[in-house]
Amino acid sequence: MAHSPAMADSSTFIAARTGPDRRDDSRPNFRKARRTDERIVLLGQPIDLVKPEEVLHHMQRWILEKKKAIVANHNLNSLALMRRVPEMKAFYERADLIELDSTPLVHFARALGLNSRPFHRCTYLDWRDHFWSLVNRNGWRVMYVGGAADVVEVARDRLLARYPRARISVRDGFFDMTPGSDSNQDVLDQAALFQPHILFVGMGMPRQELWIQQNLDALPDCVIFSVGAAFDYEAGAQKAAPRWMGRMGIEWLYRVTADPKRLFRRYFIEPWSLMDLIVADVAGAKRR
C-alpha cells in the first residue's frame, strides 16, 4: 500500500519535529569525484572503495541528473552466492556503485596492498541518519519493496514521525516475482505511479538482486539500492548491532549470536567455498 503525504509547506515547517539536521555536525573530508583507484577487483569481483558520505554524494548527483542508477554491495555472502546463482552476475555488471559491506574483506584487501581502509566499509546502517536527513531536507520520494506488510508500515510511520517532509511508499516483499505475474506488475505499477527518487529493495540476497535485474528496464528513473532488512531495523523488528561493533569489525558476532540458526552457515561455512579465490588473490599480490 502506497503512502505519499504532500510535502510540508516551508512556512509551517517546525524544525523541532524533524530528525536532527546533520548540517550542524562536523564531517570528515571525502572526495566528490570518482577516483581512478576507487574500483578494485577482489575475489574476482569489482568493488568500490568509497566512504558512506561518498555514496550519498553520488546518489544526490544521480537524482539531479534524473539517472537510473544501481547501488549494490558485496560481502562474503554475496560472493559465495554468485557461484551458486550465476544470474546475479548480470546485476553486478549493471551496478554503478558497489559498496564493500564486509570488514574482513576490507582488511583482506589492505593485506593485498590495495588502498582500503576501515572507513570503506559501507552499509545502510552506516549512512542511514545522513540519508534520511537528506531525504527530509529535499522532500524526496522513497519507495521500499520488501519485508512483511505490517513491518514496513510500522517502519514508514516511524520514519515519517521523525522526518515529516519525506514521502515514503512501501510494498511488502511477499509477492510472486515471476516476470509477467499480476502481483509483480502491481509492484511496478505502484513504482510508476509514485515515481520515487530512491528505490530500496530489501528482500534478502539473492532475491532482491534478481528482482532488480529482471525489472530494471520497467522501473522509473531513480537510484536503486539493494538494502536487505533496512526497514526491519527501522521498525524495530530486528535490532541493529551498536555501530562501534561495526567499526571494530565484530558486528557479525552480534548478528550470529542473535540468530545462530540462520547465520551460522553464512559466517562459518560459506567463506570456505571462496578459498580458491582467496589463494588466487594472494598469489596475484605476491607477483605484483
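My entries follow, from the whole chain down to single residues.

**Ground rules.** I am working with a predicted model, where local features need pLDDT of at least 70, side-chain atom pairs count only at pLDDT 80 or more, and totals for chains, interfaces and linings use all residues. I number residues from 1 along each chain as its sequence is written, and side-chain values use heavy atoms, with hydrogens and water left out.

**Confidence.** I checked pLDDT (the predictor's confidence in each residue, from 0 to 100). The chain average is 87, and 83% of the residues score at least 70. Over residues 1-18 the pLDDT falls below 50, though this stretch still has 33 contacts in the model beyond near neighbours in sequence. By contact I mean heavy atoms within 4.5 Å.

**Overall make-up.** I found 13 helices and eight strands. These are DSSP runs numbered from the N terminus: helices are H or I with at least four residues, strands are E with at least two. Of the 288 residues, 51% are buried. For burial I use relative accessible area with a 1.4 Å probe and protein chains only: buried is under 20%, exposed is over 50%, and partly exposed is in between. Among contacts with a separation of 6 or more, 76% join residues 24 or more positions apart.

**Helix 1.** How far does helix 1 reach from its first C-alpha to its last? Its 14 residues, 52-65, span 20 Å, close to the 20 Å expected at 1.5 Å a residue; the expected span is 1.5 Å times one less than the number of residues. I noted that ten of the 14 residues are buried, including Leu-56, Met-59, Trp-62 and Ile-63. Their cover includes strand 3 (69-74), strand 4 (97-100), helix 5 (124-138), strand 7 (198-202) and strand 8 (223-226).

**Either side of helix 1.** Leu-49 sits in the loop between strand 2 (45-48) and helix 1. Leu-49 is buried, at 0% relative accessible area. I also saw that Leu-49 and Asn-115 are 66 residues apart in sequence but 8.0 Å apart in space, C-alpha to C-alpha. Just after helix 1, Lys-66 takes a positive phi of about 55°. Is Lys-66 buried or exposed? Lys-66 is exposed, at 67% relative accessibility.

**Other backbone notes.** Gln-195 also has a positive phi, near 50°, in a residue other than glycine. I place Gln-195 in the loop between helix 7 (182-194) and strand 7, and it is partly exposed at 37%. The peptide bond from Met-205 to Pro-206 is cis, with omega near 0°; Pro-206 lies in the loop between strand 7 and helix 8.

**Asn-215.** This residue belongs to helix 8 (residues 207-215) and is buried, with a relative accessible area of 5%. Leaving out residues up to four places away in sequence, Asn-215 touches Asn-184 and Leu-188.

**Largest pocket.** I got a volume of about 1,100 Å³ for the largest pocket. Of its 43 lining residues, the closest to the centre are Asn-75, Asp-101, Arg-255, Arg-266 and Tyr-267. Which helix gives the most to the lining? Helix 12 does, with four residues. On a 1 Å grid over the protein atoms alone, a pocket is an open set of points where a 1.4 Å probe fits, with protein on both sides within 12 Å along at least five of seven lines; lining residues have an atom within 4 Å of a point. Grid points are joined across faces, edges and corners, and the volume is the space filled by probe spheres set on the points.
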